[in-house]
2 protein chains.
Amino acid sequence: MARISKKEKYLSTSLSDIWNMLSDVEQKQLLDNARIIHFKTSEMIYFEDDNPEDLMCLLEGKVKIFKSGIGGRSQIIRMIRPVQYFGYRAYFAREQYVTSASAFEACTVCMIPIKIIEDLFRGNGALALHFIHLLSSDLGVADQRVVSLTQKHVRGRLAESLISLKESYGLEEDGATINIYLTREDLANLSNMTTSNAIRTLSTFVNERIVAIDGRKIKIIDEDRLRNISRIG
Amino acid sequence: MARISKKEKYLSTSLSDIWNMLSDVEQKQLLDNARIIHFKTSEMIYFEDDNPEDLMCLLEGKVKIFKSGIGGRSQIIRMIRPVQYFGYRAYFAREQYVTSASAFEACTVCMIPIKIIEDLFRGNGALALHFIHLLSSDLGVADQRVVSLTQKHVRGRLAESLISLKESYGLEEDGATINIYLTREDLANLSNMTTSNAIRTLSTFVNERIVAIDGRKIKIIDEDRLRNISRIG
DNA sequence: ATAAAACTATGTTTTAAAACACAAAAGTAT
DNA sequence: ATACTTTTGTGTTTTAAAACATAGTTTTAT
């Protein structure tokens, strides 16, 4: 009986969602080809226009997927949390990356050559179905986002971003502070507004006792009201 | 040897992209469960909040997928042309529909119970991969759209919509008129603007000899300029 | 064929958000 | 510690697009 390596133990736990769908042979194939890579805060993971070559899975840390738009103005498309897959869409669309990805904080990423994954899909419909599920969910979020970002006012968009950050990364031990450390500029790029507007609107939320801020840490005081602001736009 | 039915002939041609990926047994399963349904102009095909039950494939006509947003303001999310699949995303995301679909003109739609398709995926990775490709492409378009619709000005958004309509539905025999008949309101809902702004901006395009209009028919006079307006936003 | 409804067109007013400007504070590097 | 850069905060001005108003035209339904 083969000795179970440290890597195998680590990956089989980290990637348990797909690991359990694989046969022994498939597991070995994954294991032999997977690399574990670390990124420092604000380090780039991939660039717009690069060729996609790996399926990535965020094991630790936080990643932002963003696009640079008109006049270099950046729009955060989605935030990745552990354990989520990313970086594979472009390959399956037969495109180059249309987004960039960077580490929001120190990250551990598992990278698997995307061709390996494609081959696994071909022989393993259940595995493919899992990614159909992931893509379908992302597409639903994207469709919803088009409406939110175009139709809601700044207050509604900022409120929605704060709630979505809370849902993604959770709260700290105090049960109120959103567990992410980001600049007002990032908050603006997530919410489709200028940095000044993010700063100003966040300030009014503070005055209205909806949130409290301590530097970049944001504490949600009145989530119901925040949700309502997000809902009515 | 079994007689080849009219339906089989029709579907094997219409759905040739996936038909050729299927075994005899799978083809029969598809055939036995597929229904051909007709819709009249502006008839609803499915509604937001409905349960998704079928994979749909548009065989003839034009379909719009739209969301009703803040204050009932409608946003067209994408336009479907023959032969494209739609209506399956929500099922694979395990959600209800977050969009509605309606016939833009008289349509023929092939409907296949989505559970049948899911089963086919499980046993046929190549088929699943085909839909991974479709979803990946749609997600890329959605990501791009978030930036276009939020960052471009009305002129840029309208120009982009006109070009995308041309790419989707092509031109009439004159080699200039976009092959779709839609109201200014639909054009506005596609481009994230008010109806007045769509009317006004289209008028200025006419004055600038970029397009010509004859009622709802739009003729592209200067595509280069239109593309440039779309590009610079 | 006619009336009703929906759509197109254009002018005017209002408004939300961007752009700009500057100062203070907080990080970062040397 | 010091200078330098980035980020935050607020006030002011400008502007693009929405909102509103009204009339003419086309489409649709009876």
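A residue is taken to be near a molecule or strand if its C-beta atom, placed from the backbone, lies within 6 Å of it. The model is predicted: local features need pLDDT of at least 70 and side-chain atom pairs count only at pLDDT 80 or more, while totals for chains, interfaces and linings use all residues. Residues are numbered from 1 along each chain as its sequence is written, and chains are lettered from A and ligands numbered from 1 in the order in which they are written.

**Surfaces near the DNA strands**

DNA strand D is surrounded by 18 residues, and the closest are T183(A), R184(A), S203(A), H153(B) and N197(B). Around DNA strand C there are 17 residues, of which H153(A), N197(A), T183(B), R184(B) and S203(B) come nearest. At least two residues each are supplied to the surface near DNA strand C by α9 of chain A and by α8 (184-191) and α9 of chain B. For DNA strand D, the elements that each supply at least two residues are α8 (184-191) and α9 (195-207) of chain A and α9 (195-207) of chain B. Helices (H or I, at least four residues) and strands (E, at least two) are DSSP runs, numbered from the N terminus.

The table gives the composition by class.

The largest share of the surface near DNA strand D is the six residues of α9(A); near DNA strand C, the largest share is the five residues of α9(B).

**Relation of the two chains**

Copies are superposed by least squares on the C-alpha atoms of residues with pLDDT of at least 70 in both. Chain B is superposed on chain A by a rotation of 180° with 0.0 Å of shift along its axis (RMSD 0.0 Å). The two copies are therefore related as by a two-fold rotation axis.

**Local elements**

In chain A, β9 (residues 211-214) and β10 (residues 217-220) run antiparallel and are joined by four bridges; strands pair if DSSP finds at least two bridges between them. I213(A) stands opposite I218(A) in β10(A). The hairpin has two residues between the strands, and G215(A) takes a positive phi near 65°.

In chain B, helix α10 (residues 223-232) is followed by G233(B), whose phi is positive, near 85°.
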